[in-house]
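Please look at the sequence and the structure before reading the points below.

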Amino acid sequence: MKTVDIIQAKELLLKGEVVAIPTETVYGLAGWIYSEAGLRKIFSTKERPFFDPLIVHIDSIAKARTLSGDWSPLHQALAEVCWPGPLTLITKKPEGLNPLITSGLDSVGLRCPNHPLSLKLLSQIEGGLAAPSANKFGKTSPTLSQHVFQEFGEEVPILEGGPCEVGIESTVAGIVKENEKWKVLIYRPGYFTAAMLQKILSDKNIAATVEYATSPVAPGQLKHHYMPNIPLVITSESFNWEKQKNEIEKRLNKTFTKPAFWKLPDDPAQASRELYQDLRKFSLEGFDLILIKRESLHDSELWFGIWNRLEKAKTLKI
Ligand code: TXA
Ligand code: MG
């Protein structure tokens with residue numbers, strides 16, 4: 001594994017190279033927002049299509065304001081409470097921001113990650129770092145530096161920051177005004193739920209509703225994502241392997257001899273922290289199928305982010 005320190009990471013980034021950086025959610029593949037070469041390298045390394053916009057990472061609200069074309073009191077209120085932390089705020093893009101970052105959209109996602117090493121690195125960099133998750137496009141996101149190494153080998157230098165605490169990507173939220181009323185729309189569920197964001201705004205006496213968006217604004221929210229190397233099947237609570245094995249084999253047109261029965265921990269914070277690592281583990285341990293039960297305990301909002309990822313990672317649902 002090729003690891004670098006903050007000084008080396010900064011030098012590489014300013015030269016137009018990419019560096020894997022730790023965050024509290026997942027490792028990111030960072031490029032400097034003012035380096036066209038660095039931005040291009042993010043897409044080529046990940047084999048990511050240009051229509052999927054990148055999140056810009058900054059270390060302070062002050063920097064976010066300089067990178068936003070319409071920073072509102074709602075952005076300010078949410079950032080004050082949630083940053084540094086797993087919330088990406090969509091704002092109007094400022095003039096001159098490289099369109100590679102925004103996929104030509106008029107908006108940009110800004111996020112202040114809660115990891116001491118990346119915050120220190122960001123504090124020494126003009127502007128910010130564009131960073132998608134450090135995995136090949138469509139594959140499972142990395143929560144350990146070893147995952148980044150398994151994905152890219154020596155090609156990508158890594159700022160080692162230990163295991164990611166949250167484990168799934170940030171909540172992505174945008175702010176819109178409809179009929180003179182403010183509304184916060186969640187485009188990607190994550191650690192911060194609608195109820196939590198609503199409470200933050202209410203506590204600050206800001207009149208706004210918080211909802212989950214029903215249609216994606218960014219083309220990056222594809223149906224298939226986070227996919228493991230073996231099929232993942234989501235089943236109902238009453239699922240029985242002996243009885244329903246044939247049905248699965250018929251539908252996937254394959255026979256399975258070593259299924260993994262995946263039981264999520266009851267605590268959603270732990271489930272989210274371990275999610276991607278477990279997803280990778282099953283394919284490495286020689287299983288040929290992963291089965292996971294959707295239990296009624298998973299209906300609470302704290303599980304939305306986890307099931308959003310599992311639904312996109314699945315091959316089949318029965
Ligand atoms: O936790 C995270 O957010 C991680 C870490 C590395 O910070 N990053 C991450 O990046 O998840 P990525 O590229 O895997 O996800 C970026 C997603 C896009 O696919 C899109 O859904 C949303 O963020 N996004 C980015 N810019 C947007 C915009 N202008 N409007 C709407 N959604 C946007
Ligand atoms: Mg990703």
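## Overview

Four strands form an open sheet with parallel pairing, in the order β11-β12-β10-β13. Its edge strands are β11 and β13 (316-317), each of which pairs on one side only. The model is predicted, so local features need pLDDT of at least 70 and side-chain atom pairs count only at pLDDT 80 or more, while totals for chains, interfaces and linings use all residues. Residues are numbered from 1 along each chain as its sequence is written, chains are lettered from A and ligands numbered from 1 in the order in which they are written, and side-chain values use heavy atoms, with hydrogens and water left out.

Helices (H or I, at least four residues) and strands (E, at least two) are DSSP runs, numbered from the N terminus. Two strands pair if DSSP finds at least two bridges between them.

- Strand β10 (residues 232-235) pairs with β12 in the parallel sense over four bridges.
- Within this pairing, Val-233 has Leu-291 of β12 as its bridge partner, and Thr-235 has Lys-293 of β12.
- Strand β11 (residues 259-262) also pairs with β12 in the parallel sense, over four bridges.
- Phe-261 stands opposite Leu-291 in β12.
- Strand β12 (residues 289-293) is mostly covered, as four of its five residues are buried; buried means under 20% relative accessible area, exposed over 50%, and partly exposed in between (1.4 Å probe, protein chains only).

**Helices on the four-stranded sheet**

- A right-handed β-α-β unit is made by β11, helix α10 (residues 268-284) and β12. A crossover is right-handed if, with the strands pointing away from the viewer, the path from the first strand over the helix to the second runs clockwise.
- Helix α10 lies across β10, β11 and β12, running at about 165° to β11. Axes are lines fitted to C-alpha atoms, for helices over the stretch in contact, and angles run from 0 to 180 degrees between N-to-C directions.
- Helix α9 (residues 241-252) lies across β10, β11, β12 and β13, and runs at about 125° to β12.

**The pair α10 and α11**

- Two packed helices are described by the angle between their axes and the distance between the axes.
- Helix α10 and helix α11 (residues 304-313) pack at an angle of about 25°, with their axes 10 Å apart.
- That angle makes α10 roughly parallel to α11; angles under 35 degrees count as roughly parallel, over 145 as roughly antiparallel, 65 to 115 as roughly perpendicular and the rest as oblique.
- The contact (heavy atoms within 4.5 Å) is made by Pro-268, Ala-271, Ser-272, Leu-275, Tyr-276 and Leu-279 of α10 and by Ile-306, Arg-309, Leu-310 and Ala-313 of α11.
- Helix α10 passes α11 in a left-handed crossing. A crossing is left-handed if the near helix is turned anticlockwise from the far one by less than a right angle, and right-handed if clockwise.
- Helix α11 is mostly covered, with eight of its ten residues buried. Among them are Trp-307 and Asn-308.
- The buried residues of α11 pack against β8, β10, β11, α10 and β12.
- Ser-272 is found in helix α10 and counts as buried because its relative accessibility is 8%.
- Ser-272 touches Val-166, Gly-167, Ile-168 and Ile-306, not counting residues up to four places away in sequence.

- Strand β8 (residues 181-188) runs parallel to β9 and is joined to it by five bridges.
- Val-184 stands opposite Val-210 in β9.

**The pair α1 and α6**

- The axes of helix α1 (residues 6-14) and helix α6 (residues 116-123) come within 10 Å and cross at roughly 50°.
- Helices α1 and α6 are therefore oblique to each other.
- The contact is made by Ile-6, Ala-9, Lys-10 and Leu-13 of α1 and by Leu-117, Lys-120 and Leu-121 of α6.
- Helix α1 passes α6 in a right-handed crossing.

**A loop residue, Phe-50**

- Phe-50 is found in the loop between α2 (36-46) and β3 (55-57).
- Phe-50 counts as partly exposed because its relative accessibility is 44%.
- Phe-50 touches Arg-40, Phe-43, Leu-100 and Ser-103, not counting residues up to four places away in sequence.
- Phe-50 and Ser-103 are 53 residues apart along the chain, and their C-alpha atoms are separated by 6.1 Å.
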